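Q: I would like to learn how to read an interface between two chains. Please take me through one case.

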Amino acid sequence: MTHYRLDFLWSDYLVWSIVSAVIIYAWYVQKYPHLLSPWKLVVCNSRGMAAATVFLVFIVISCADSIHYRSELSVQDGKSVYSTELNSALDLILEPIKKNREKTYSAPFATHLFSKETVKNELGHDQRIFPRLRFGGTHLADPVADWLPDIFKKSLSGILMACVIWLFGFLVVLSVMSRLKKTPIKKLYASIWSDSSMSAFRAVCITIAIMLLIGVPLVYLASYYHVFGTDKVGQDVCYQALKSIRTGMVIGLLATIVTLPIAVLLGVMAGYLRGWVDDCIQYIYTTLSSIPSVLLIAASVLMMQVYIENHTELFPSAESRADIRLLALCVILGMTSWTGLCRLLRGESMRLRELEYIQAAHAFAVSDWRIMMQHILPNVMHIVIMALVMDFSGLVLAEAVLSYVGVGVDTSMMSFGTMINSARLEMAREPMVWWSLSVAFTFMLLLVLAANIFADAVREAFDPRLKAKVP
Amino acid sequence: MGAYLFRRILYGILVLVGVNMITFGLFFFVNSPDDMARAQLGLKRVTPAAVEKWKVERGYDKPLFVNNAVQGFAKVNETIFYEKSIKLFAFEFGESDQGRNIGFDIANRMWPSLAVQLPAFMIGLPIYLSFALLMAFLRSTYVDIWGVLLCVLMMSISVMFYIIAGQYFFGKLWNLVPISGYDTGFDAIKFLALPILISVISGLGSNARWYRTIFLEEMSKDYVRTARAKGLPEHKVLFVHVLKNALIPILTGVVALIPMLFMGALITESFFGIPGLGSYTIDAITQQDFAIVRAMVFLGSVLYIIGLILTDISYTLVDPRVRLS
Amino acid sequence: MSNLLKVEDLQARIDTPSGRLFPVDRLSFSIRSGETFALVGESGCGKSMTALSIMRLLPEVAHIVGGLIELDGVNLLSLSESEMRAQRGRRVGIIFQDPGLSLNPVMTIGKQIAEAVLSASTSGVANNYVHDKVMSLLQDVQMPNPEQCVHEYPFQLSGGMKQRAMIAMALAGDPLLLIADEPTTALDVTVQKQILQLLKRLQRARDMAILLITHDLGVVAEVADHIAVMYAGQIIETSTVADFFKQPHHPYSQKLFKSLPDRARHDQQLAVIPGAVPDLSQDFIGCRFVERCDHHQERCFQQLPLLLATNESRQVRCHFWKDTVVCSSIMPCPALDDGKHLVITQSTENLVPAPPLLQVKQLKLYYPRYGGLFRREIGVMKAVEDVSLTVAQGQTLGLVGESGCGKSSLGKAILRLLKPTAGQVVFNGMDVAQIAASDMPSFRQQAQIIFQDPFASLNPRIRIGEILAEGIESLKIIHSGDLQDRVEQLLHMVGLEPSAKVRYPHEFSGGQRQRIAITRALSVNPSLIVCDEPTSALDVSVQAQILNLLRQLQSEKQLTYVFISHNISVVRYMADEIAVMYLGRIVERGATASVLGSPKHPYTQTLLAAVPAAYPAQQLFDKAVDTLHLAHSDMRLPAGKSAGCAFYSRCTFARAECSQLQPVERKVNVHHTVNCHLY
C-alpha cells in the first residue's frame, strides 16, 4: 500500500466548512418547529425533491473532489518524498479513465482515432488510416463487426444491474420505513404509489431509478470505452466533465457565502439604523452596482492576474495558484452580487423596524445591536436562504461566460467554461467535434436546472408573498 | 420635479466619483504601473528600459497625485490621477494601450451594438409580455405549469449554447445566414438576424417568468376582485386592470435597461464577430488593454446612472400616485 | 313580500396543506326584497365567505361544494361563468371592507364607475349617457364635489369618499341586492355614521335589499331589519332586529351583548366568553358552541341542535334556549348580572387629589417634512400640539380621537419612544423629555407600553419565555427567585400555563397573544402603562377578557394607565378621566362621567352622536346629541398653519373668532375643561 499525505487546498477547507455548516444548520433547524415548517414544505414538493436528489449527486461528486492528497513516491533518508501531483479522492476513483489517454480526439464509444495518421503498414509503406485507440474498445477483436453488439450487450447488462441495485435499495428503504412507521410493508407499498402525501418520496424514487438506468450502464461501459470521447490531447471528456462539477459548485456556493456577512450586516444596519449610516451604505452599493458586473469582474480579475504573475513566490504550486485564483474569483463575483441582497435586506429591515415588537424592545431600553441580532436578523433569514439558492445557478452560468472572456478560472483548472472555450475552437472542423461541447453543456444544464427547480421549491416555501391567501 | 431631478443628477455624479475611485484604486494601487508593464510585455522581454519605455508611451510615468517636477496647475494636471481619472468626466478617454483613440472607437462601435440590441429589445419585450400574460391568464392550468417549466429550462441553458446551436443549425446546416461577420447598410440584416433571434430566445425564460410573477401578484389584489364584482369579463380584468398596474414596475424596470443597450452584448458580439462595444470590451480584456477597460467601466456606470434617472422620470410619468403628489 | 335571495344548505370548502375545512357549513337564510339583512359574527365565522359565495368570487383555494343560492328565482350556482358575470353588477353588487385596497390605484374614479355603468348596460350606449349616469350616481352617494372627483385617483380621496365611490360603482347596474361586507370597519366613527345613513337612504330610495356583513352589533341596530348570527360556519340565530335586541335567544348572542362594554358600569366586570372559536378542520358532532357555553348539558355534546323556529320570524340553534332565556336579560341589571364587583379604591366621584404620577406640559411633537433641492426640512407635520395633561397615581386616563389625531404619537412621546419637539413630560418628578441616558433604564422600568396588534407586537422567532425575559435582562432587574420562576409567575398572573414559555407566538390565539404582551409590559413592574388601542384588533368576546384583565391588574398593582382608543365605549368603561383629541390638540378633557355625560365641545358631541348604539331606541349616552353637524368633509390633515380652532371648518356653531383665535382652555366644572370659544 502506498503512503499518502492529505494536502488540502484553501477551497477544500471552505467546501468542508460549508458542508459542516449545513449539517449544523439542519441539526439546529430540526429543534425549532417554526424554522422547520418551511423546510417541511420543501420536502413535500415532489419537483423540488427530485431536483434535490440530482443536486445531491453533484454535491457528493464535488465533495469527493475536495479531498486532496499527495501519494508517496519514495523514502529518502527516512523522509518521504511526495509526488508533485495533487490528486483528489475523485481522481482515485476515476484513476482508470484518467490514465487512459489517447493521442488526440476520439468520438464517444469510438474504437479508432478521429483523425487520420500516417503509419507504416506491414509492408513498410506509409499509409493514412484511422489508427486503433490505445484504450478505447481494445477488447474487441473485430471492431467493425463486434462494436455494436458489444455496446448493446454491455448496456443491457448495465440496465439489468441498475434494476437490481434500485430494487435492492428500494426494498431496504421500504423495510426500514415500515419498521419506523409500524405499518406493514404491503400497505406502505400501496400508499407510495397512490397516496398524494407520498408524492415527493415517489418522485425521489423515480429520479434515482432514472439516474441509475443512465448511470450504471455508462459506468460499466466507461471501463471499456471513452463514453464521451476524448479531447485534443486525448483526455477523457467524461473525466473532465466530472472534475468540472466541483469548480462550478465552489463558485456557485462560495461566491454568495463569502460576501454574505457583509451583505447581511450592511443591509440590516442600513435598514434599521437609517440616517447617515443608511446614506453611506446606500452610496456604497449604488456605486458598486453601477459598474457593469462583467467589467468590474474583468477589471478585478485582470489586476489579480497581474498581481499573481508578479508575486509567483507566494504560491508554491500550480494547483495552489489555480486554487487561489478560484477563491479570488469567488470573492470578486461575490462583490458584484452582494448589492442585490443588501438592498433586499435593507428594505425588509426598514419594514421590520416599524413593527411593534421592535418598539416594545425600545421600551425596554434594549441596545440597537441586540435588537438587530435578536429581532431583525432572525426575521430576515428567509431572504438570505432564498438568495443563496437563487444566486447559485446564475453564478454557475456566469463562470462559463467569464472563462470564455478569459477572466474566469485558471486555464489549468477544469471547468465547464474552459471545456467550452477549448472545444469552441474546433467548431469549424469538418466533421465537427461535437462531444466536448455537448457534454459540457449537458452537465451544466443538469446542474443549473436542478439548482433552479430546487430554488423554486425553496422560494415557494419561504416567500410569504407566494403563500396562498386564506381569508 | 425639477429639484428632484437635479438632486438625482448630483447624486449620479457623486456615484461616478466613487466609481472612478474604485477603478483608480484597482488599477494603480493593487498593482503599480511597473507590474502592469511587466504583465503586458511578457516575462521574456522585461528589461528596466522596456518597462520605462512602455510607461512613457502610455503616460504611466507620471506621479500619482502631485507632480513636484513642474510648477503651477501642472502640479496637479500632469499626474496619473488627473490624466487617467479626472479627464474621464469630460469623456476624454485618451488613447488605448495599443495607441488608438478610445473615444473614436467607442463612437464608431456603439452603432453595431445598438443595431443588435435595439431590435432584440423591441421584439423581445412584447413576446415576453404576451407569454407571461398567457401564463397568468391560464394560471394553474397545464399551459401555465408547462410554461413555467419551459421558462426554468430555458433560463438554465447557457447563452453560449443558444449561440453555438444557432450558428450550427442556421449557419452551417441550413445555410440560411452567414455564421458571423458584419456589414453596413441593408446588408447588415442577414448578419444581424441570427444574433437578434438568439438574444430574444435566450432572454425568454427569465423575463417571461419574472413578468408572470408580477402579473400574479397584481392579480391577487383586492381591486381585481372589485373589477370581477362589476361583472367584467376575465380578459377585461386582465388587460385593463391588471396590465395597467403591473406595467408600472415592468416598464420602469425596462427603462433602466435602455441606456445599457449601447454597451452591447459581450458574448453575442464576440461569437458573431460584430464590431460593437461588447466585442471591443472582450478584446480589451483578452489583450489586457487597461485603458479601454477603465474607459468602459466609466461609460457603463454613466449609462447605468442615466438608466436610474430615466426610471425615476418614467415613474413620475406613468404612476399617478407619484405624478400628482 | 317574496324572497329575493334564498340560500339553502350552502357549503364552502377551503383546501389547505394541513387539510380541508368548511368555513361555511350548510348555511340557510333568505332575504326579502327591500330589507336590510345583517349577517353578524366574529372574525373567522364565515360571514365574508358567505358574501363571496353569493358573488361566486371565492378565492382560488375555496370552492362551493353544495347547496343552493337563488337570486330572484335564478339559481346562481347552476349558471355558467359568463352567465354569472351578467348577474354581477346588474343584479347583485358588492362593496368591500377596505375601500383603499378595493379601488384600482391607477384609474380615475370616473373611469372605474363608467366601467361599471358600461358593464351593466346591455348594448352600446352613448358616451354622454355614461357620463350623466356617473354624475348622477356620484350625486346619489352624496360625493362632495363630484365634477372634480371623476378626474381624481383613489389616493387623492379620503376613506369615506373612496367608500362612496365604491358604493356608486356597486349601484351602477341598479342591483336588486347590495352586499356590504364590513363597509365601515376601516372608517372612522363619524364617517361610518355618514356611510350607514347613506346606505339606508339609498335602500329606501331604490327599494333595494342589502346584505350587511358586520361584526358590530351597533351597526346592526342602526340599519338592519333582520339579523342572522353566525358562529363557526353556521347560523345559530335569526330574528327581526327589534326582537333580537329585546331578547336574544342563543347563549352565544346573549354573551355577546354582555361582553360589550357599552352599558356596563365602571365598577363591574364584563361578562366573558371563555376559550376561543373552535378549529373548523375538525368533525363536529354536537353543538359548536358547547365548549364555551355556560348552559351546556350532556345532550349538547351528543347532538347537533337544529335551527328551531321559536315563532314565525325567529329561529335559534340551541337545545335549551328556553332555559337560557329565563335567566338572562341583556339589559344591564346588577342583580341578574353575573359580573363580579371589583373593589375600586378610587373613583371619579370622590376624587381625593392623588399625587400626579405623570404631567404633560405644552408637549409638541412635530414630524419634519423634507423637500427642495437638498432635502432640507421645509415644514413640519404637527402630530401633537400644545398638549397638557395630568394623570394621578392609580388612575386611568382615556385618550379618544379618530385616526390621525395624534393620540398614538402622544402616547409614544410620553414614553420617549418618540422624542418630543418641545414641552415637558414630568414623570415621578423627572423630566422625561430631557432625561439623561443614565436615567433612561430606570424610567423604562417604570413606564411600559401595550400595543394594538397582538400579531405584530411579538417577535415570531422568539419563544414566549425569552420574550418575557427580555425586559428583565435588559433592564437588569433583580428578583429573589431565578428568571424562569419569574417568567412562570408572570404567565400565571395573566392566566396562562407555565408551559407557554417554551412555545412560539404563532401557537397562540389573538387574545392569548395580547395577554402575553400585557405580561411583557408587567415583567419589569412598571407603575405606568400606555395602552395603545389594546383591544381594537380583537373580537368583542376577547376584548372583554382583556379589559377585565387590565382592570384587575390595575386594582392589584395600583397601576396607572394612559388608555388610547378610538372606541368610546371601551374608554368610557376603562377611564376615570377622558381627553378628546382632534388634529393634535386636546379639545376637551375631564372626568369620564362629565365629559361623556354632558359633552361641551362640538367635536365631542359629533363623535358621541356618531357612535352606533347596540340598543335600538336607546342612546348610548345619556344626553341625545343632535346629529346635524356631522360634517361631510373628513378630517383634514394636520399640516400647514391654522390660526384658529382646528375644528373650525367642520363646526356648525363656528363664529368669526373661531377662524382667527386658538381657543384656550376653559373650566366647565371642577373636573371638566373644554377648548372652545362657545363657552
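Q: How many residues of chain C are in contact with chain B?

A: Contact means heavy atoms within 4.5 Å. Here 29 residues of chain C are in contact with 28 residues of chain B. This is a predicted model, in which local features need pLDDT of at least 70 and side-chain atom pairs count only at pLDDT 80 or more, while totals for chains, interfaces and linings use all residues. Residues are numbered from 1 along each chain as its sequence is written, chains are lettered from A in the order in which they are written, and side-chain values use heavy atoms, with hydrogens and water left out.

Q: What area is buried between chain C and chain B?

A: Buried area is the accessible area (1.4 Å probe) that two parts lose on being put together, summed over both. For chain C and chain B the value is about 2500 Å², and carbon and sulfur atoms give 62% of that area.

Q: How many salt bridges does the rule find across the interface of chain C and chain B?

A: The rule asks for a side-chain nitrogen of Lys or Arg within 4 Å of a carboxyl oxygen of Asp or Glu. It finds 2 salt bridges across this interface. C:E60 forms a salt bridge with B:R139, and their closest N and O atoms are 2.8 Å apart.

Q: Which element gives the most to the side of chain C that touches chain B?

A: Helices (H or I, at least four residues) are DSSP runs, numbered from the N terminus. α4(C) gives the most, with 4 residues.

Note on methods
Helices (H or I, at least four residues) and strands (E, at least two) are DSSP runs, numbered from the N terminus.
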